Amino acid sequence: MPVGPTTRRRQLGADLRRLRERKGLTLEEAGALVGISKATLSRYERKEGTVKWPAVDALCREYGATDTERSALVELAKGARTQGWWRSLAGPVPESMNLMLTLEDEAVSEDHYACMYLPGLLQTRAYAEAVHRASEVQCTEQEIGHMVDIRMKRQEILERTQPPRLSAVIDEAVLRRAVGGRHVMRDQLSHLLEQAGQPHISVQVLPFSAGAHAAAVGSFVILGGSAPGLDVVYVDIIGGGLFMEKPVELARYKLAFEYLHAQALDTERSAALLEEVSREL
């Protein structure tokens, strides 16, 4: 899995803070040593905005970093400028989607809990169009088409030589919600079964019979980074989504997903239920 610009930026911020604290310097003291403000250095460590690699080089020297550490962090700073694939799209990408696209492009794993619609990475085009048409009622057909194009392009990460591991726990209600009508839903369930047969994709159904469960609040996805400290949770909310990366927040959602995984049907029984629902259509 290639390491992308946002992963590099987040890793760089964490490492700069670690080196500064190891040296026993405050933000103000460290900034003064290399001629940058406390606010700028704080922004570097908070992983926000662009970062200048000469400043990173100077900071590493003041922090007493080894040549190997300094070289690695300078390369991280240079690599953080790389732009994602979506920057070359013909139409604009909504600002609210930029971070999600970046994190997903760099994730090594994705754990999805879906209670309303199927995860975007597993949707057919017709299903995705129906979802966008229902949720984006003020958008034109052209805008809806553009958003669906982005969603279809996102799915290419599952076809990479080293694709992310995708684990989905899907509420039974999602399967029985006839998005786009019977024919669209039947094709969607067939596609879901096909995808579930991929070695890097796991699909489990949380049946109605499971009763109350650990994620009654709504859908979410845990985006696993190249290191545990780079994990992020994305929670669906009206009008966009909420990203969380604090350890206590990550722990809460990871535990919830573990419970959901345990309560859901195993993959074989899930496939059988998918086939049953498809036949009923």
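In the predicted model, Arg22 and Glu69 form a side-chain salt bridge with an N to O distance of 3.5 Å. This pair joins distant parts of the chain, with Arg22 in helix H1 and Glu69 in helix H5 (residues 67-79), 47 residues apart. Arg22 is partly exposed, at 48% relative accessibility.

Helix H1 (residues 5-23) also contains Arg18 and Asp15; these lie three residues apart, and the separation is therefore about one helical turn. Arg18 and Asp15 form a salt bridge in which the closest N and O atoms are 3.7 Å apart. Asp15 is buried, with a relative accessibility of 13%, whereas Arg18 is partly exposed, with a relative accessible area of 37%. A network of salt bridges links Asp15, Arg18, Arg22 and Glu69. The whole structure contains 19 salt bridges.

Another of these contacts is the salt bridge between the side chains of Asp105 and Arg160, with an N to O distance of 2.4 Å. Here too the pair links distant parts of the chain: Asp105 belongs to helix H6 (residues 95-106), and Arg160, 55 residues away, to the loop between H8 and strand S2 (165-171). The relative accessible area of Asp105 is 15%, so the residue is classed as buried; that of Arg160 is 26%, so this residue is classed as partly exposed.

The buried residues of H8 are Ile144, Gly145, His146, Met147, Val148, Ile150, Arg151, Met152 and Arg154.

Methods
Residues numbered from 1 in each chain as written. Predicted model: local features only at pLDDT ≥ 70, side-chain atom pairs only at ≥ 80, totals over all residues. Heavy atoms only, no water. Buried < 20%, exposed > 50% of the residue type's maximum accessible area, 1.4 Å probe, protein only. Helix = DSSP H or I, 4+ residues; strand = E, 2+ residues; numbered from the N terminus. Salt bridge = Lys/Arg side-chain N within 4 Å of Asp/Glu carboxyl O.
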